[in-house]
Structure formats: structure tokens, C-alpha cells
Amino acid sequence: MKILFAASECAPYAKTGGLADVIGALPLSLARLGIDVSVILPYYKQVKNKNLATYQLHFDIEINNVKKYCGIFSLKTNDVTYYFIDNEEFFYRDELYGHYDDGERFAYFSLAILETLQKIDLFPDVIHCNDWQTAAIPHLLKRNYQWFDTYKEIKTVLSIHNIQFQGIFPASLASYLNLKYSQALEFDNNINFLKAGIVCSDLITTVSETYRDEILTEEYGYRLNDILSLYQNKLFGIINGIDIDLFNPKTDQLLHKNFDSENAMRHRYLNKRKLQKDSGLPIRNAPLFGLVSRLTDQKGLDLFRPILTDILNNHDCQFYVMGSGELEFENYFKELANSYPEKFKVFIGYNEALAQKIYSSINFFLMPSKFEPCGLSQLISMRYGGIPIVRETGGLKDTVIPYNKFTKQGSGFSFKNYQADELKTQIEVAIAFYQNKKELKNLTKQIMNLDFSWENSSRKYLELYQKLTN
């Protein structure tokens, strides 16, 4: 079986978020199952300048009666072949997204992928598209390529990693896709790439079972819930995994002290003391809460405003926040750090080494998201022994099982309703829980031994591919 992943980013080559982590890990996991896997990506400036890939060929693509250059570069590593679409007009830029012509850029990318297949003689059984940037491919395949024997057997899967981002552009862009404006594309007199993918793909997946159900509702569907409801028989939820070799507290060279589930309490305590010392927090035996996140409204950060001052005034605890995003949240956390220098530390930005030090030191990890398709941070936190405190939504609900003090089962603390008081209650429960060192040790060990590898998830994807191709 041959699977081709089409995506706009992939770790370690180009990354802005969780999509890159998925495309970096899932193909590798499938390759270990014996699948012939390829990945095709834009040849961004940051990738091209590293000079990692080898030139293969180039050709012209006719788009809206204009010829556009298309170069193909490739490299192979860990049994996965990576192809890069080269066009400096579209991809030789400092940022991956956020440009005035993103619609044209990824319309070109989708067309270039389908044209590349015949140029390099790669005709996969399944093209696995990801998010709006490649969601036009199923529509293009059905409209413009089904007449060719080499294309007509190709099946398509579309993965929705975050339905909030849909690729909505003026209707005139349809001609840039070499398509007529049609019902599959139509959305408020514009075109919607993601909608076209939903309508035309053979299967749709999303990144957790709960998120699969949520996006069928008006609250979470971002106006595509009605369309999804029409096609829900081909909609599946599969939880993401994490790269357990990359995120491994036993071997992570960024940590002050490495550890496993057996010696976690002692060595995590040493990591905690080092983090406190380096950040200027007083070294004391108090629960340390961490947050590593984009500082945006989606992450539930507005829930902290009514409660954090009270918690900091009335409880012996410390907080370490790292992230960047909306200015109002950056300023809010800076104000807390200035007002409570012995209890609150903030780092605006992202630093990989610091992130790993936070994961390996904190007692509790905060993730009270308004919505969360899957979430990877809570999985990384548990891998490193940080007990998560989450809101029961999307992948957070699927991966964090509420701790039961009677049976001692569970993997963290959670709350249901999007209300600040419910978050405050769980933080105070965690502060009290911290005092019982035996229970703290047992739960820390318990969550570190959970399996969040890609193996189970990749087998579920393989079952879907087999269902399609059979």
C-alpha cells in the first residue's frame, strides 16, 4: 500500500503548530508497519536554505492560462520519502502563512501535487490531505483527473486538525484552481477550501473522538456543522500520539536531571529546584503549576482573570507560564509576574529547552481550553510526570481521565463547564493533593507509564486506508 501525505508543514522541516508534529510522526509510525509512505510539502525558504533535499526535475503548470514554474526536490530518511514543491514566488518567504495571497499559494500547491504524481511516477493508493491548505485536492482529483487511468483509483482522506481555519477566499479564486465555481466550493459567495474537501474526500478524520462529535454541533462546527452532518458516515475521530523517542525524560538532553517513572519524584524535585533557582523563584516545597501554550482566547486564558489573584494571595503555590500570542494575555501575565515575583514567573516567547525544563519540573500542568481538537501539551506533560488540569473538551476529555481518590485510578484533574470557578476548584484540589506525597508519587508514576505513542493511532489509520482501498 502506498500512502502520500499532503501537508503545509512537517517537523522538523517547517513548523508553526501541532500539524507539523503530526505529519512529522504519523508517516514514520506507518512506515514502521511496513507501509510505503511519502510526504509532500512546500519548499519553504527555511527548508531550502538548509540544502537538505536533492533536485529531481522541474516543469511548468498552467494556472488560469498562466504558466508557473514547479521544481521537485526530495530526500529519504527513516523509510519515508519527502518531496518538496519549489516555487520561490510562493514559498521563498520568511513566514509560512499570513500573506495576502495565501489562497493563490495553496491553490498552486494543490495543483502542483497532482501534476507531480505523473512527473515522478508516484500514484499512491491514498492521498492523505491535512487542513484547508490541501483540502482542495479531493475536489480537483474528482473534477479534473478522474478521466485518467493512473488517477481514477486514488482515494482521498482529509484530516481536520482545527476546523476554525477553513481557507475562505473570494469566488474568483476558483479559476486559479482551474475549476468552475460550484456548490462544493461555495460559501457565502466565496470559496471554502475545507468545505470542498469535506464534500469530495472519500473519508474525513479528525484528531480525537470527542472533537469528531463536537464539530457536528453549532457551538464547535464554525458553520460547517451542517455540511459535516450530511457526511458524518465518513467522519472518524482518531486521537493523536506523540513521538515517545523525542519526548523521553530518560534521554532528553535538555533536562537538568533525566529520570523514569521509578525515580521521578526525586529527580523531578531536583529539576524543580534548578528551574526555581534559574528563574528567580524562591526554592521552596510548594506546588508548581505550569502552562506552555499559545496565549490566545482558544486556550481558555480568560478563565484565569477572576481567580488567579485570589489563589496567589491565599495559597502557597508557584506558577510558570511560557508562551506568546495576544497582547492582552501577554500583558496580563507580565503584570502578575511583577506583582507576585516570588510566586509567578512568565517567559514571553518560545524556547524549546525551557519548555522541556518546565515539563520536567512542574507538579501540575494547566490546559483549560475553550476547545481543543486534540492537544499535545497535556500528553507531553504526562510523559514527563506533570499532572494535567484540563477542561473536558476535544482530545483533553479523551486523554485525561479524572482522578478518583477512592480507586486511585485516573490521569489528572478536569472540569466540565467553561467557568472560572470550576477551574479554581480544580487548582485548589490539586494544591491539597500535593500535600499527600504518597498519592502524588503514585499518580506521577501512573501517568508516566501511560502509552501515548503513535502505534495505536497509526494502526487505526491503516484500518481506514484498507477499508478504502478494499
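**Overall architecture and selected residues**

The secondary structure of the protein comprises 18 helices and 18 strands. The model is predicted. Its C-alpha trace extends about 70 × 45 × 40 Å along the principal axes. The radius of gyration is 23 Å, which agrees with the value near 23 Å for a compact globule of 470 residues. Of these 470 residues, 59% are buried. Contacts were also sorted by sequence separation. Among contacts between residues at least 6 apart in sequence, 71% join residues at least 24 apart.

The accessible surface of the protein amounts to about 19,800 Å². Carbon and sulfur atoms account for 46% of that surface. The charged side chains number 52 positive and 55 negative. The centres of the two sets are 6 Å apart.

A cis peptide bond is found between Ala 11 and Pro 12, with omega of about 5 degrees. Pro 12 sits in the loop that runs between β1 (2–6) and α1 (18–32). Most peptide bonds are trans.

Strand β4 spans residues 66–77 and contains Ser 74. Ser 74 has a relative accessible area of 12% and is therefore buried, the cut-off being under 20%. The side chain of Ser 74 makes a polar contact of 2.8 Å with the side chain of Gln 56. Gln 56 is also among the residues that Ser 74 touches beyond four places in sequence.

Asn 64 lies in the loop between β3 (54–63) and β4. Its phi is near 55 degrees. Asn 64 is partly exposed, at 38% relative accessible area. Asn 78 occupies the loop between β4 and β5 (80–86). Phi of Asn 78 is near 50 degrees. With a relative accessible area of 57%, Asn 78 is exposed, because the cut-off for that class is over 50%. Neither residue is a glycine. Most residues other than glycine have a negative phi.

Gln 133 lies in the loop between β6 (126–130) and α5. Its relative accessibility is 6%, so Gln 133 counts as buried. Leaving aside residues up to four places away in sequence, Gln 133 touches Ser 8, Tyr 97, Phe 106, Phe 109 and Ser 110. Glu 104 is 29 residues from Gln 133 in sequence. The C-alpha atoms of this pair are 10 Å apart in space.

Gln 146 is placed in the loop between α5 (137–145) and α6 (149–152). Gln 146 is partly exposed, with a relative accessible area of 24%. That value falls between the limits of 20% and 50%, so the residue is assigned to the intermediate class. Beyond four places in sequence, Gln 146 touches Leu 141, Tyr 151 and Lys 152. Gln 146 and Ile 401 are 255 residues apart along the chain. Their C-alpha atoms are separated by 46 Å.

Definitions and conventions
Residues are numbered from 1 along each chain as its sequence is written. This is a predicted model: local features need pLDDT of at least 70, side-chain atom pairs count only at pLDDT 80 or more; totals for chains, interfaces and linings use all residues. Side-chain values use heavy atoms; hydrogens and water are left out. Helices (H or I, at least four residues) and strands (E, at least two) are DSSP runs, numbered from the N terminus. The radius of gyration is taken over C-alpha atoms; the globule rule is 2.2 Å times the number of residues to the power 0.38. Buried means under 20% relative accessible area, exposed over 50%, partly exposed in between (1.4 Å probe, protein chains only). Contact means heavy atoms within 4.5 Å. Accessible areas come from the Shrake-Rupley method with a 1.4 Å probe; for residues, only the protein chains shown count as cover. Lys and Arg count as positive and Asp and Glu as negative; His and the chain ends are not counted. The place of a charge is taken as NZ of Lys, CZ of Arg, CG of Asp or CD of Glu. A polar contact is a pair of N or O atoms within 3.5 Å; within protein, one must be able to donate a hydrogen and the other to accept it, and residues adjacent in sequence count only if both atoms are side-chain atoms.
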